[in-house]
Amino acid sequence: MGNYQGGGYTIIPKTNQPELADPLVDLPQPVPPNGCDYSDQMLTDVTIPAGRVFCGNIDLDGNVVLSPGVHYFQNATVSIGSHVNLSGDEVTIFVDSESSIIQSAGKGGVRISAPTSGIYAGIAIFGSRTVTPSVPTVSLSGNKNYLIEGAIYLPHHRFRMRGTTDLKSTANSGWIVAWQFFYSGNSSVALDWYGATPPKGLGDLGIVLLR
């Protein structure tokens, strides 16, 4: 099913493919704790403990470190600043069906590695499965460097790359699962395999679109 537009593909996408079942449908969705720990605020040069809930308009800038564990974005619009350095080891970022992540233009970098054990082993970004009338977006833009060591799982989010963005997804699988995938400009995606065990339900490497 589906089609594609544009050019610049190293491997030509396959069209008119059969519909695929969600490969991670049996993995329980993270459940955010009640309430909001950060709401409508800017976070700069900070280390954020795991288990925190972000709500409303969240701006990240400077050096932001995510501690190991799950970080929850609920009804949030997250803006990542022009010169941010966002990092986190053993981290899963959960974005609910009303949340979008928008990267601004400019330099800086994002480096996230997924947990190596536990229920969300190998999952760096986990998007809600809840279907809503409007489809939220996770957008990587500008000329930042992105290193995501883990699967990007966005069953009901658009995944967008634009500008001179480079995304290297190495992790335990090198998988992107998304409702829709856009890229423009000189952006590029590299899916690498380094021998670790992929999340249960995923094979070696790939980009899968769900409907």
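Is Phe-94 buried or exposed, and what is its relative accessible area? In this predicted model, where local features need pLDDT of at least 70, side-chain atom pairs count only at pLDDT 80 or more, while totals for chains, interfaces and linings use all residues. Residues are numbered from 1 along each chain as its sequence is written, and side-chain values use heavy atoms, leaving out hydrogens and water. Phe-94 turns out to be buried, at a relative accessible area of 2% (buried means under 20%, exposed over 50% and partly exposed in between, with a 1.4 Å probe and protein chains only).

Aromatic rings come next. Rings of Phe, Tyr and Trp (its six-membered ring) pair if their centres lie within 6.5 Å, with planes under 30 degrees apart counted as stacked, over 60 as edge-to-face and the rest as tilted. The count by this rule is 6 aromatic pairs. Tyr-72 and Phe-94 have ring centres 6.3 Å apart and planes at 70°, so this pair is edge-to-face. Tyr-72 belongs to strand 3 (residues 69-80) and Phe-94 to strand 5 (residues 91-95), 22 residues apart; strands (E, at least two residues) are DSSP runs numbered from the N terminus. Tyr-72, like Phe-94, is buried.

Phe-94 also pairs with Phe-126: the centres are 6.1 Å apart and the planes at 55°, so the pair is tilted. Because Phe-126 lies in strand 8 (residues 123-127) and Phe-94 in strand 5, the pair ties together parts that are 32 residues apart in sequence. Phe-126 is buried, with a relative accessible area of 0%. Ring pairs join Tyr-72, Phe-94, Tyr-120, Phe-126 and Tyr-153 into a cluster.

Technical notes: Helix = DSSP H or I, 4+ residues; strand = E, 2+ residues; numbered from the N terminus.
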